[in-house]
Structure formats: C-alpha cells, structure tokens
Amino acid sequence: MRSEQLAWTPVSAQATSLLEEAADLLVLHRDFAAAVERCEAGCDSLGPGPGPESSAEVKCSLCVVGIQALAEMNRWREVLSWVLQYYHVPEHLPSKVLELCILLYSKVREPQVMLEVGSSWLRDQTNKSLPEYGSLLELYLLHVLLPLGRFEGAEELVRGCDVFDSDQQLAFLGTICESRCQWTRREEVRLAAEEQQDAATETVLGALSQKLLTMLTLLRRALRSMSSHFYLLPYKKVLLATFLLYLVVVRLDPASPTSLPFIYKLVQLFRQAWAAVFSPIHRP
C-alpha cells in the first residue's frame, strides 16, 4: 500500500500543479482556452482509473475549472461530453461535477441534456449512500424534471427515495403539485394565444382571398369585353390596308406622278377603315 502511494505521488503533484495554473489562468488572466488545456493535461496525467482519494479530488477540481472555462467561452454544449471523456459513465461523475452540470444546463434553458445523466446517477446504489445524494436529488427535481413537465417521474422519484422522511416527501409532493398547476395554466394560456393567432390569420387570409377573387372577376370581365370588341373589328380591311401601306412605302415611289392616283385611293381606303374600326358601335 505504501509503494502504491509513492507511485501516485509524482503524478498527483503534477496534476495539482496543472490545477493551480488552470485556476490562475481562469481567474486572474481570464485565458479560458489555456485553462481548458491545463485541465485536460492534468486529467490525462491522472489516468482513466479512479486512483486514490487525493487524486480523485484533484481530478474533480480540474473538471470544475474546465467546466467554468468552457462556459466562459460559450462552449457549454461541449461540457457534458468533455466531462464524460474522463469519467466514461454518468454513474462515476463526482457529485460536485454533476451539480455544476445541472445548474449550467438549467441556466442555458437546456435541462433535457441532463435528464438521462441525472437519472442514471441517482439510480446507482453506490451514489445513494453519499451524503450529497439528497441535495442532488432535490436539484435534479427542481431544475430538470419539473421544468420539463415530468411530473409523474418526479413523484415516483420522491416516493421511492429513502433519504427523505415523510415530511420532506410531502413537501416535495406539494411542490410537484403546484408546479403541475402552473404548467397547466401556462399551457392553457399558450393554446388560447395560438387559437387567437390562427383566427386572426384566417381572417386576414379570407380578406385577401376575397380581394383577389374580386380582382380576378373584374379582370375576366375586362378580357371578355375586349375579346368581344376585337371580334367585331373588320380584320380583312385592316390587313388589306396594311398590305397596301407596305406597297406604298416599299414598292412605290411617292414622288413619282404615276403613283399619285394610287396613293389618293389608298388614303380614302384608310379613312374608311378608320371610320369602321373606331365608329361608336365598336367603341367600348
């Protein structure tokens, strides 16, 4: 046993030194990335096993500093996976690390991240003998289960907990009942607001649909009137006038004396076509 402690002493000293550097970088220099690097180096030096109690405390402190540094860099999404790479399973997490993770994810409004982790830790028989078990169960209850609306699971957890006496169980069950009532009221308010919004949306869409239908009806009437007007136009005369105009402009020389009688007749024809097209009968 003595040789084992002597074998761990240099490693623990190295990890403790890295812990002090990480704490200084976090608090004094506010170099969060460097603090995380020191914490990772310290945890790696301690190895994957549990080790002696002093090493476990140093490892826990390194993880606490690392969690704070990651949170300062707004990298809170990485916290749980970063911690589990050193403890592998949720049941082996120290109570202080689990508490910090629950509070962190509750603060960023992501309590569902800790739902399975906290449940696994609380079901472990070894953890139930810890003096911090009752406070962690209460923390998990208030910051994870109740915000997620897991009221039945919360009641089962409280009734099956041997740490709480009858008075504490009644107090927690009353808290759960009150939280359930608040949750129900919020859901009713939310559903009422959604119904009002849907009704307002339907009203707006109905008004827009009515306006669009009116515009389409007017457009259809206008197109029908235009089409009936164009059906009455003398297309043969218009085409003939266009062809004659082409002959005058392209084929004939207006300055030639022989072209004058033809041009005079063409002008008379244009006048007749104009009078026929734009007579009062054909005007809209």
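How are α4 and α5 oriented to each other? Their axes pack at an angle of about 165°, so α4 and α5 are roughly antiparallel to each other. Let's see what surrounds that pair.

## Ground rules

This is a predicted model, in which local features need pLDDT of at least 70 and side-chain atom pairs count only at pLDDT 80 or more, while totals for chains, interfaces and linings use all residues. Residues are numbered from 1 along each chain as its sequence is written, and side-chain values use heavy atoms, with hydrogens and water left out.

## The overall picture

The chain has 12 helices and 0 strands. Here helices (H or I, at least four residues) and strands (E, at least two) are DSSP runs, numbered from the N terminus.

Buried residues make up 30% of the 284 residues in the chain. Buried means under 20% relative accessible area, exposed means over 50%, and partly exposed lies in between (1.4 Å probe, protein chains only). As for contacts (heavy atoms within 4.5 Å), residues 24 or more positions apart account for 61% of those with a separation of 6 or more.

## α4 against α5

Back to the opening pair: the axes of α4 and α5 are 11 Å apart. Axes are lines fitted to C-alpha atoms, for helices over the stretch in contact, and angles run from 0 to 180 degrees between N-to-C directions. On that scale, angles under 35 degrees count as roughly parallel, over 145 as roughly antiparallel, 65 to 115 as roughly perpendicular and the rest as oblique.

α4 passes α5 in a left-handed crossing; that label applies if the near helix is turned anticlockwise from the far one by less than a right angle, and right-handed if clockwise. On the α4 side, Val79, Leu80 and Val83 make the contact, and on the α5 side Val97, Cys101, Leu104 and Tyr105 do. A helix reminder is handy here: an α-helix has 3.6 residues a turn, so residues three or four places apart point the same way.

Val64, in helix α3, also reaches this region. Val64 touches Lys96, Val97 and Leu100, not counting residues up to four places away in sequence. Val64 and Leu100 are 36 residues apart in sequence, yet their C-alpha atoms are 7.6 Å apart in space. At 14% relative accessibility, Val64 counts as buried.

## Aromatic pairs and a charge over a ring

How many aromatic pairs does a search of the whole structure find? There are 5, where rings of Phe, Tyr and Trp (its six-membered ring) pair if their centres lie within 6.5 Å, with planes under 30 degrees apart counted as stacked, over 60 as edge-to-face and the rest as tilted. One of them joins Trp76 and Tyr105, whose ring centres are 6.1 Å apart and whose planes are at 80°, so the pair is edge-to-face. This pair links distant parts of the chain, 29 residues apart: Trp76 is in the loop between α3 (53–72) and α4 (79–87), and Tyr105 is in helix α5 (residues 95–107). Both Trp76 and Tyr105 are buried.

Phe151 and Trp183 form another edge-to-face pair, 5.9 Å centre to centre with 80° between the planes. Phe151 is in helix α9 (residues 151–159) and Trp183 in helix α10 (residues 166–231), 32 residues apart. Phe151 is buried at 6% relative accessible area, while Trp183, at 27%, counts as partly exposed. Phe151 is also in contact with Ser179, which touches Leu146 as well, leaving aside neighbours within four places in sequence. Ser179 is found in helix α10 and is buried, with a relative accessible area of 13%.

Elsewhere, the charged end of Lys59 sits over the ring of Tyr87, 4.8 Å from its centre. That description requires NZ of Lys or CZ of Arg within 6 Å of the ring centre and within 35 degrees of the ring normal.

## An enclosed helix

Helix α6 (residues 115–123) has 7 of its 9 residues buried, so it is largely enclosed by the rest of the structure. The buried residues are Leu115, Val117, Gly118, Ser119, Ser120, Trp121 and Leu122. What covers them includes α4, α5, α7 (125–128), α8 (133–145) and α9.

## Two loop arginines

Arg30 lies in the loop between α1 (2–27) and α2 (32–46) and has a positive phi of about 55° although it is not a glycine. Arg109, in the loop between α5 and α6, has a positive phi of about 60°, and it is not a glycine either. Arg109 is exposed, with a relative accessible area of 72%.
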